[in-house]
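Please look over the sequence and the model shown below. The paragraphs that follow lead through its parts one step at a time.

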Amino acid sequence: MTEEFEKTKVLIIGSGPAGYTAAIYTARADLKPLLYQGMQPGGQLTITTDVENFPGYPEGIGGFEMMEDLRKQAERFGADIRWGEITSIDLSERPFKVVADGTKTILADALIIATGASARWLGLETEEKYRGFGVSACATCDGFFYKGKEVAIIGGGDSAAEEATYLAKLCSKVYMIHRRTELRASKAMQNKVFGTPNIERLFGYVPVEITGEKNVEGLIIKNVDTGELLNLAISGLFVAIGHSPNSALFKGQLDMDESGYVITVPGTTQTSVKGVFAAGDVQDKVYRQATTAAGSGCMAAIEAERFLSSQH
Ligand code: NDP
């Protein structure tokens, strides 16, 4: 008996702005794309607050709501969007053999990788212990639990700045801890931080240890110049130190840089394997915006369509 595989012309992995935009375009090109959403349907934007810089929303829009709109738009044109995760993949020959949820095999003539990126952690021994007990990488998801309390946030980029101002609305005090004396965040975000009275800036400090019985009760930080230690009484610790690309699934099969970002031919979404395209944060460590992710999802769809036409 021969095993029955599901076949698709285009498989899209990931459901952020890149994945959904690729789905909209490939669906409109009548390629009947199949999209697997992954463990976080809608991607990173579903755990952010308002998105104010995506073109077309003069008043801004909630990240979750925006991703729902993108999903519905893709479905309107016939994209087959599924909750589930791609668990293994074989790019050695076409059609590409892909396994979903460890059980279902799919053969895809073209593949669009839009798996995005995930939050990075500090690597402190105690960080793991308190994860879910006061340590979080998402202020918008967990900030609510720290209403009226004192918290700390680590990082000096736009995420840390944005989350610090968000937390400052809920919490009595926010310590913003950054390893350098200058923030990496944009000037606009810096101005927001500097203009928020209950954000106390502790720049030039690194976290050393998290303390507490079961839940976080304190954070020890060290001055990078003097070595002076400070003990902060906090109930929550938010880590906002950037992201790593979600590319482990393709390791050894696609060319990647030293950080794991999938390498694409400049000006295109073509990866090192013909018929495999990468869009969004998994291949972009420079711009990392919803708008640029959507743009590259559109590019990947057009390139996949041209690739498939060239095969006939
Ligand atoms: P970034 O990479 O920009 O910033 C990470 C921050 O964490 C840096 O300040 C870095 O310090 C610090 N850091 C990194 N590793 C460690 C560590 N091990 N210990 C302590 N600190 C550490 O990441 P973001 O997530 O902030 O932003 C990513 C991208 O998304 C950026 O392009 C940003 O502009 C964009 N973004 C845009 C937003 C918007 O436009 N509304 C909102 C959020 C993000 P150092 O500076 O010393 O390297």
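In this predicted model, domain 1 and domain 2 bury about 380 Å² between them, and 56% of that area is on carbon and sulfur atoms. On the side of domain 1 that touches domain 2, the residues by class are one nonpolar and three polar, with no charged residues. The contact itself involves four residues of domain 1 and six residues of domain 2. Between the two domains the count of salt bridges is zero. Likewise, zero residue pairs in polar contact are found across this interface, where both residues must be at pLDDT 80 or more.

The two parts can now be placed along the chain. Domain 1 is made up of two segments, 6–118 and 243–310, while domain 2 covers 121–239. The C-alpha centres of domain 1 and domain 2 are 32 Å apart.

Lys149 is found in the loop that runs between α4 (139–142) and β11 (150–154).

The surroundings of Lys149 include residues from elsewhere in the sequence. Leaving aside residues up to four places away in sequence, Lys149 touches Cys171, Ser172, Lys173 and Ser235. For one of these, Cys171, the separation from Lys149 is 22 residues in sequence, yet the C-alpha to C-alpha distance is 5.0 Å.

Methods: Residues numbered from 1 in each chain as written. Predicted model: local features only at pLDDT ≥ 70, side-chain atom pairs only at ≥ 80, totals over all residues. Heavy atoms only, no water. Domains from an automatic or database assignment. Contact = heavy atoms within 4.5 Å. Buried area = accessible area lost by both parts, 1.4 Å probe. Salt bridge = Lys/Arg side-chain N within 4 Å of Asp/Glu carboxyl O. Polar contact = N/O pair within 3.5 Å; in protein donor to acceptor, adjacent residues only side chain to side chain. Nonpolar A, V, L, I, M, F, W, Y, C, P; charged D, E, K, R; others polar. Helix = DSSP H or I, 4+ residues; strand = E, 2+ residues; numbered from the N terminus.
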